[in-house]
Amino acid sequence: ALAAAPDLAEAVARWHAWLSGERRMAGHTQTAYGRDLRTFLIFLANHLAHPPSLADLCELKTMDLRAYLARRRTSGLSATSTARALSTIRTFFRYLERRHGVGNPAIRTIRTPKLPQSLPKAISIEDAAKTLDMAEALAKEPWIAARDAAILCLLYGCGLRIGEALALNRRDAPKSDVVTILGKGGKERLVPVLPVVLKAVAEYQRLCPYGSDPDDPL
């Protein structure tokens, strides 16, 4: 059972219906939202010594919310997990304010925990091959399969950022073992091109029914 008074439990049920109906949120994402909110309400039930109601949410102070964050820290939960949980709670409070007239400015005073910065990791050769196979298998038309394969080859085979790959025009398509890329800050760099990338881009261009002008997006 949800650790909440009847009026809050009903609001939570309507919130879930709103997430799946109007927001069209994916099922697994909605499940994660529900889990985060349920954990918060369990904390409040223990913190307040009774199941929280809508009125209780209105009266929460900054110190109450900080106590919730402190409990997560002492429980060993990561900053990433807490940041996601805070996002869920903020989403719920915004919903309550708009649909139920229940507001609490204290939620705006809580800062999201600083997340540890980590360098991106390259996927393995095996995973790259599986990604290519899956993209081609899921495509509805041959030219779309070729397009997705070409993009993935540019990302993995040339090390391009997604923005760099999508910014290429037809005149920029690689035609030799080197291609010039305009990167961050308007800086150009020469990028080596593997034969498999040349083949994938050429096959996509052969099949693509759109864009023949050199200035058209690749």
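Predicted model: local features only at pLDDT ≥ 70, side-chain atom pairs only at ≥ 80, totals over all residues.
Biologist: How are helices α7 and α9 oriented to each other?
Modeller: Helix α7 covers residues 142-158 and helix α9 covers residues 195-207, and their axes lie 8 Å apart. The two helices pack at an angle of about 155 degrees. Angles over 145 degrees count as roughly antiparallel. The orientation of α7 and α9 is therefore roughly antiparallel.

Biologist: How many residues of the contact of α7 with α9 are nonpolar?
Modeller: On the α7 side the contact includes Trp143, Ala146, Ala150 and Leu154. On the α9 side, Val197, Ala200, Val201 and Tyr204 are among the residues that take part. The contact also holds one polar and two charged residues, and its nonpolar residues number 14.

Biologist: Which side chains of strand β1 are buried?
Modeller: Strand β1 spans residues 178-182, and its side chains alternate between two faces.

Biologist: Which residue of β2 is the bridge partner of Leu182?
Modeller: Strand β2 comprises residues 188-192 and runs antiparallel to β1, to which five bridges join it. Five residues lie between the strands of this hairpin, where Gly185 takes a positive phi near 70 degrees. In β2, the partner of Leu182 is Glu188.

Biologist: Is Thr91 buried or exposed?
Modeller: Thr91 belongs to helix α5, residues 79-99. Beyond its neighbours within four places in sequence, Thr91 is in contact with Trp15, Trp18, Arg23 and Tyr33. The relative accessibility of Thr91 is 7%, and the limit for burial is under 20%. Thr91 therefore counts as buried.

Biologist: What is the phi of Arg24?
Modeller: Most residues other than glycine have a negative phi. Arg24 is placed in the loop between α1 and α2, and it is exposed, with a relative accessible area of 71%. Its phi is positive, near 50 degrees.

Biologist: What is the phi of Ala49?
Modeller: Ala49 sits in the loop between α2 and α3. Its relative accessible area is 70%, so Ala49 is exposed. Ala49 is a residue other than glycine with a positive phi, near 70 degrees.

Biologist: How far apart in space are Ala55 and Val102?
Modeller: Ala55 is found in helix α3, residues 54-59, and is partly exposed at a relative accessible area of 40%. In sequence, Ala55 and Val102 are 47 residues apart. In space, from C-alpha to C-alpha, the distance between Ala55 and Val102 is 8.0 Å.

Conventions
Residues numbered from 1 in each chain as written. Heavy atoms only, no water. Helix = DSSP H or I, 4+ residues; strand = E, 2+ residues; numbered from the N terminus. Buried < 20%, exposed > 50% of the residue type's maximum accessible area, 1.4 Å probe, protein only. Pairing = 2+ DSSP bridges. Axes fitted to C-alpha atoms, helices over the stretch in contact; angles between N-to-C directions. Parallel < 35°, antiparallel > 145°, perpendicular 65-115°, else oblique. Contact = heavy atoms within 4.5 Å. Nonpolar A, V, L, I, M, F, W, Y, C, P; charged D, E, K, R; others polar.
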